[in-house]
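I kept them in the order in which I went through the topics.

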Amino acid sequence: MSPAELEKQTEKLEIDDDEQEIVEGQTADGAAPAAKKKKPKKKKKKAPLAPGNSLVIQGQVQHQAEPPTIPVARLFPEGIYPEGEIQNYKEDNMWRVTDEEKRYLERQEHDNYNEARKCAEIHRQVRKYAQKTIKPGMTMIEICDLIENGTRNLIEANGLSAGIGFPTGCSLNHVAAHYTPNAGDPTVLQYDDVMKIDFGTQINGRIIDCAFTMTFNPRYDPLKEAVKDATNTGIREAGIDARLCEIGAAIQETMESYEVELDGKTYQVKPIRNLNGHSIERYQIHAGKSVPIVDNGDQTKMEEGEYFAIETFGSTGNGYVVEDMECSHYMKDFHAPHVPLKLARSKQLLNTINKEFGTLAFCRRYLDRLGEQRYLMALKNLVDVGIVNPYPPLVDTKGKGCYTAQYEHTIVLKPTCKEVLTRGDDY
Ligand SMILES: [Co+2]
């Protein structure tokens, strides 16, 4: 049974249960003949918290609204969010599943996992609406607004403690990553576009980083399939003590086993060899370890407790990206030096950045909405002195036939098992 079917069935069972409860309620009101013996109250089975958009609360099925506006905290009033997909560790680490000490350690972390699961649930609900709603003809700004407003509503955005994790990537075609529109960008989504939607959510700095690819022309389906499979390969190979280069090699092998035909030409899908997954820590989207998507010889191992974004990119171009186009993404350097700033405008802009984003990534549109104006010189100054780093779009070969796709999940290497926090019934 697919997760979607399972969820539907669970929901149906729960509704049946509730109907029964209503009947019992009427009996208690004295509406039924007194002779009727009251049935012992059946212990209500708790609904499994399946990832999805609905939950049964006291006989009501609560659904997310469209567009998404209901804070997830209201859909999960007990404050317990659905677990992601659990994958057991392999071979040498199988003992962890039942080990008492590891189970104890894992229980200690419950609140942290729950926070990450809340972020992941918001991602699932927002992307479900995005996948249903985004159509050719929309501007890139409309697309980002839809996703970002959804995130802000569901997470109850509140400065640094909850909100958007990083700018919404909506890179098109040969552009693989780090494109989001700046104000006035007139770009309109086309039927033949390949768009990577890469957006994030964060609570107390715990960032969920998760991405998918949207296309409308079915000719790209094998490209998407290749990358989805490659990302799932990376997730499967990830684990405590797993070597990064071996994960990369497995991803590469899967990716390259696919071909895609475009305009009568056949392309072997290539991994974009200078793009990586990455470890994530609080308020630090790239925490130091890179997860390659080719065999790069890196012998570094993954470790217990680490969070990773496992992301892979497939391309029908060179399989190599360079920086190009106007920059929209910026982020304060996590180890930014303390530099005395000469320009008052730069100081003021840095105050805004510290207060609103800290070391989280942001884009020019986020400064615009905070009311910042004519900030480009000050921003350049902060870049020049090394406090802020720019992240321009990353592009593969421009030209006919170059398209790139991406899939990404956030996982956590818990003491007893691996949890794919952002898994949904879509990918
Ligand atoms: Co990422």
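**Annotated positions.** I began with the UniProt record, an unreviewed entry, which lists H178 and H286 under "binding site". These residues span 109 residues in sequence, yet no two of their C-alpha atoms are more than 14.0 Å apart, so I noted that they gather at one spot. I then checked them against the largest pocket and found that its lining includes both H178 and H286. I keep in mind throughout that this is a predicted model.

**H178.** I looked up where H178 sits and found it in the loop between β6 and β7.

**The largest pocket.** For the largest pocket I recorded a space of about 740 Å³. The lining comprises 36 residues, and those closest to the centre of the pocket are H178, H278, I285, H286 and Y391. By class, I wrote down 16 nonpolar, 13 polar and seven charged residues for this lining. I also asked which strands supply at least two residues each to the lining; they are β5 (169-172), β6 (175-177), β7 (194-203), β14 (307-315), β16 (329-332) and β18 (388-391).

**The cobalt ion.** Which residues coordinate the cobalt ion? I found D209 through OD, H278 through NE2, and both E311 and E408 through OE, at 2.0 to 2.4 Å. Along the chain these donors follow the spacing D-x68-H-x32-E-x96-E. Two of them link distant parts of the chain, since D209 lies in strand β8 (residues 206-215) and E311 in strand β14, 102 residues apart. I checked the accessibility of this pair as well, and both D209 and E311 are buried.

For the geometry, the angles among the four donor atoms run from 78 to 162°, and the site is irregular.

**E253.** My last entry concerns E253, which I located in helix α7 (residues 244-256). At 61% relative accessibility, E253 counts as exposed, because the cut-off for that class is over 50%.

Notes
Residues are numbered from 1 along each chain as its sequence is written. This is a predicted model: local features need pLDDT of at least 70, side-chain atom pairs count only at pLDDT 80 or more; totals for chains, interfaces and linings use all residues. Side-chain values use heavy atoms; hydrogens and water are left out. On a 1 Å grid over the protein atoms alone, a cavity is a set of points where a 1.4 Å probe fits but cannot get out, and a pocket is an open set with protein on both sides within 12 Å along at least five of seven lines; lining residues have an atom within 4 Å of a point. Grid points are joined across faces, edges and corners, and a volume is the space filled by probe spheres set on the points. Helices (H or I, at least four residues) and strands (E, at least two) are DSSP runs, numbered from the N terminus. Ala, Val, Leu, Ile, Met, Phe, Trp, Tyr, Cys and Pro count as nonpolar, Asp, Glu, Lys and Arg as charged, and the others, Gly among them, as polar. Donors are N, O and S atoms within 2.8 Å of the metal (3.2 Å for Na, K and Ca); water is not among the atoms, so sites may look incomplete. Four donors count as tetrahedral if all angles lie between 85 and 135 degrees; four count as square planar and six as octahedral if opposite donors are over 155 degrees apart and all others between 65 and 115; anything else is irregular. Buried means under 20% relative accessible area, exposed over 50%, partly exposed in between (1.4 Å probe, protein chains only). UniProt positions are given in the numbering used here, feature names are shortened, and annotations may be inferred rather than shown by experiment.
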